[in-house]
Structure formats: structure tokens, C-alpha cells
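Work through the exercises below with the sequence and the structure in view. Each task is followed by a solution in steps.

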2 protein chains.
Amino acid sequence: MKSTGTLYLVPTPLDFGCTPQAPLDLALPGDTIRTAARLQHWICENAKSARAFLKRVDAVAPLTAPLQSLNVSELPHIVHKKGDHAGAPAGFDAAALLKAALDGHDIGLVSEAGMPAVADPGSSVVRAAQTAGITVVALAGPVSLMQALAASGLNGQSFAFVGYLPQDAAERTQRIRELEALALRGGQTQLVIETPYRNVALLRALLQTLQPNTWLAVASGLTLPNGRTHAATVRQWRQWVQQAADGTARQAPANDTPAVFCLGR
Amino acid sequence: MKSTGTLYLVPTPLDFGCTPQAPLDLALPGDTIRTAARLQHWICENAKSARAFLKRVDAVAPLTAPLQSLNVSELPHIVHKKGDHAGAPAGFDAAALLKAALDGHDIGLVSEAGMPAVADPGSSVVRAAQTAGITVVALAGPVSLMQALAASGLNGQSFAFVGYLPQDAAERTQRIRELEALALRGGQTQLVIETPYRNVALLRALLQTLQPNTWLAVASGLTLPNGRTHAATVRQWRQWVQQAADGTARQAPANDTPAVFCLGR
């Protein structure tokens with residue numbers, strides 16, 4: 001019997017889209033870089049950025065095979081738009097992407113930034129691999145949600161990541177109230193992300209809706225030289241934002257920087 | 001005005017207690033190792049294991065100051081027994097541990113394994129630092145919860161970490177039912193940990209209580225050569241465990257290996 005390959009979940013740096021990019025070992029362990037360097041089959045969100053990542057890997061640990069010769073498959077577009085778990089899109093056969101592993105080759109799975117399948121596409125491929133009896137190994141690397149949570153000063157013994165908030169203002173206010181109730185009643189820290197260009201709007205909505213004593217942390221640019229995690233009560237945040245008008249205080253993350261928002265007690 | 005130091009949250013390898021220990025760069029980025037090498041003030045769960053970690057760092061990136069001369073402070077015992085967030089123990093003044101940072105020195109915070117303040121003590125110190133205006137930076141490294149989640153094949157766009165389950169059998173069954181309902185109704189993957197010597201008992205309780213179609217992943221030995229994440233429906237798990245009696249199938253993690261259990265739909 002031919003032995004099957006392994007599916008490696010390969011975390012990528014959090015500097016997607018940043019210029020200049022930081023050195024790879026700012027965020028990735030040597031073992032993760034070396035493993036990436038030897039894999040010749042890849043599944044990714046976007047082939048262009050996966051190749052750009054592998055070019056950076058090659059500069060640190062030479063690729064086993066030339067970049068041009070690698071087998072790089074993209075997840076279908078709908079999967080990276082909508083997430084691929086709850087309700088995988090009709091006609092998407094994740095198992096088909098894993099043929100190389102069934103033929104005995106190791107495969108790498110990457111997303112645009114951070115850990116694949118965590119707040120990012122990939123879980124449908126992992127599910128198909130587990131179902132097919134393919135070994136799945138998640139390598140160590142940056143996970144922005146956890147770096148934000150650790151630096152937040154909030155409870156890290158009980159927490160939930162709830163994804164994006166509704167865009168409609170009334171629904172968003174309602175959802176923020178629900179999350180605050182969960183956080184204050186049960187002590188479960190709530191983590192939220194937003195499309196970067198809505199960072200300022202989300203911070204404003206949070207400060208308008210949350211209670212003054214609720215603790216709010218905003219992390220952005222994690223693992224990057226300009227990274228920061230500011231955390232305080234909502235009361236203090238309101239002062240910061242007022243003062244920010246004259247440039248003296250902390251404010252919302254820039255509108256081009258991915259951010260993580262954490263709230264709790 | 002004297003500028004304050006930074007509080008670095010330094011992730012440590014997940015091989016705590018393992019022999020032989022894996023190379024440090026299996027799990028830690030070069031930047032994390034180099035930052036650890038230059039810090040001369042430390043806050044930790046246990047000074048002995050913090051020094052053992054720094055000895056491993058020294059072998060890769062020479063420490064700026066001799067190990068014996070480092071300033072290493074332990075969190076009080078009650079904090080690492082009970083968690084330090086919800087209800088910090090009376091008389092524990094986390095701010096006092098941060099004096100070096102107020103005096104302009106950078107400080108490192110480590111837990112026994114993985115990311116401090118995530119499923120581990122440390123958040124009270126982070127909270128005190130944020131309150132005092134000390135910059136907090138969480139470095140990249142292994143986070144067992146997220147490596148388990150990524151490899152589980154479960155929804156990573158919505159999840160909760162709920163810590164430990166009750167030890168009392170009836171309460172534990174009740175709690176497992178609650179978590180399954182949350183996971184099946186809302187699609188929120190639920191993550192649970194257990195003291196290693198209760199791994200087998202927890203798996204048994206999960207298989208007795210969960211519905212046959214619920215998806216269950218069990219990750220252990222993450223980042224280590226013998227690491228594995230097995231995932232399947234509860235129905236399939238029941239078969240594996242039955243077959244395990246004759247050594248042919250997948251079974252519970254060893255009773256000395258930390259494990260993460262993930263359930264969902």
C-alpha cells in the first residue's frame with residue numbers, strides 16, 4: 001500500500017500588502033520556513049501571493065524545486081470571499097485538491113496572512129483531508145487573534161472569536177450589546193475583526209455602544225515594527241479619541257491596517 | 001521624562017516536560033529568540049523552568065547578560081493555580097512586578113508552555129501594564145489552541161475556548177451537552193482542555209455524550225515529532241476506540257501529553 005502524504009498548514013507573515021516587508025523570521029520559526037521550502041504542492045487563496053511568499057522563503061531556505069515548477073492550486077473564489085466552512089459552496093470538491101497527498105506527496109496550505117483555517121479559509125480542505133485519513137500538521141507561526149488577546153489584558157482563559165459584525169448600523173449596535181452581555185455576564189472575552197477601511201467606523205460604534213467600564217483592546221500591525229495594542233476602559237478610550245483630534249493621543253488603527261478588537265471585563 | 005520599557009509576551013515551546021526537547025526553532029521565530037536573549041527582567045510562572053528556557057535560548061542566541069544575573073520574578077502560586085484574571089487573588093499586586101519597566105527596562109513574560117495569558121496565567125500583569133501606559137508586545141510563537149483548531153477541520157471563523165470541564169460526572173455531561181448545543185446551533189466550534197492524566201476519561205465522556213454526527217478533533221503533542229491531530233465524527237471515533245483495544249486504531253492521547261479537544265459541526 002502506498003503511503004499518503006501529509007497536509008501541512010503553513011502560517012504566513014502578517015505583513016501582507018505592507019511595504020517594505022519585514023524579515024521572514026520576525027514571525028516564522030525556522031522549522032516552518034524549512035518545511036515550506038521542501039513542499040512542492042500547494043493549496044492557497046491566491047497563487048500570486050503564495051508564490052511571493054515562497055520567493056521570500058527561498059531567500060532564507062532554498063526551495064527544493066524551482067518556483068516555476070511548483071504545483072500551486074487556488075481555492076475557488078467563492079471560498080475565500082465567504083469562508084468555506086458553514087455551507088461550503090455548491091460544486092466545490094475540496095477532496096479533489098488533495099489528490100497529490102493520496103499519491104504520496106506532502107501538500108502545503110497557506111492563506112493570505114497568518115494561520116490558514118483560523119479566521120481564514122482552509123477548513124473545508126482540512127476536513128476533506130481528515131476524512132480521507134491524510135495526516136494534518138499545523139506548523140507554528142503568527143496568529144494575530146492570539147497575539148491581540150495576549151496583549152489585551154483581558155481574560156485569556158475563556159474567549160470567543162465571532163468574526164465580523166453586521167454592517168447595518170442598527171444590527172451592529174444590537175450585536176455589540178449582545179457581545180458585551182456575554183463578556184460581562186460570563187467573563188468570556190469577545191474578539192472581533194473588521195475590514196481595515198472600516199476600522200474607524202467600528203471603533204466609533206464600539207465607543208458609542210459599550211458601557212464606560214467595559215475593557216476594550218485594539219491591536220494592529222501585529223509582528224510589525226509599527227505594531228501596537230492599546231487597551232483601556234471605554235471611558236478612557238473616549239478621552240483618547242477626543243484628544244486624538246490634536247494628535248496627542250491614541251486613536252483608531254489606520255484604515256489600511258488589519259486590526260483585532262477585543263472586549264470584556 | 002524617563003521613557004518606560006516594553007512588556008514582551010514571549011511564547012515558549014510546547015515541549016514542557018518532554019525528553020529529549022526539540023530544537024528551539026521548531027516553534028519559535030528567530031526574532032522571538034533574539035528578543036528573549038536580550039531581556040534582563042522576567043516575570044514567569046516558575047523561575048526554574050524560565051531559567052531552563054533561557055538556557056535553551058542562550059544556546060541559539062547568546063544572552064546579553066549571564067543567566068545568574070537576570071532578574072526573574074514569579075507570579076504568586078495562587079495565580080498559576082487558578083488563573084489570574086477573573087478574580088485576581090487578594091493581595092496580589094501585579095503592578096509591583098512591573099517596576100523595572102517603569103524604570104525604563106524591558107520585561108519578558110513567559111508561561112510554562114505556549115503564549116502567556118492565553119489559556120495560561122499572565123493577563124493580570126498585562127492589564128496592569130496597559131493601565132500604567134507600558135507598551136505591551138506579544139511576540140509570535142506556538143499557540144496550541146490555534147494549531148489544534150486549524151488542524152481540526154472545524155469552523156475557524158467562529159470559535160470559543162471554554163477552558164476545563166467540570167470534574168463531577170453529571171455536571172460534566174451537562175456541560176458537554178451545552179457546548180454541543182452551542183456548536184450545532186450557532187456553528188461556533190468549542191475548544192476544551194484537560195489535565196493530561198484525565199485525557200482518557202474526557203474522551204470517554206465526550207464519546208458517551210455527544211451525538212453520532214458531531215465532529216470531534218483531538219490534538220496532542222503539537223509542534224513535536226509525535227504530534228498528531230485526529231478528527232472524525234463521534235460515530236467514527238467510537239469505532240476507533242473499540243478497535244484500539246487491539247492496537248490497530250486511533251485512540252485517546254497518552255495520559256502524560258497535553259491535549260486540546262475541539263467539537264463542532
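A residue counts as buried if 20 or more other C-beta atoms lie within 10 Å of its own, as exposed if 12 or fewer do, and as partly exposed in between, with C-beta atoms placed from the backbone. Helices (H or I, at least four residues) and strands (E, at least two) are DSSP runs, numbered from the N terminus.

The model is predicted: local features need pLDDT of at least 70, side-chain atom pairs count only at pLDDT 80 or more, and totals for chains, interfaces and linings use all residues. Residues are numbered from 1 along each chain as its sequence is written, while chains are lettered from A and ligands numbered from 1 in the order in which they are written.

**Exercise 1.** Find how many residues of helix H5 of chain A are buried.

Step 1. Locate H5 of chain A at residues 123–131.
Step 2. Apply the cut-off: 8 of its 9 residues are buried, among them A:Ser123, A:Val126 and A:Gln130.
Step 3. Look just past H5(A), where A:Gly133 has a positive phi of about 80 degrees.

**Exercise 2.** Decide whether B:Glu171 is buried or exposed.

Step 1. B:Glu171 belongs to helix H7 (residues 169–186) of chain B.
Step 2. B:Glu171 is exposed, because 11 other C-beta atoms lie within 10 Å.
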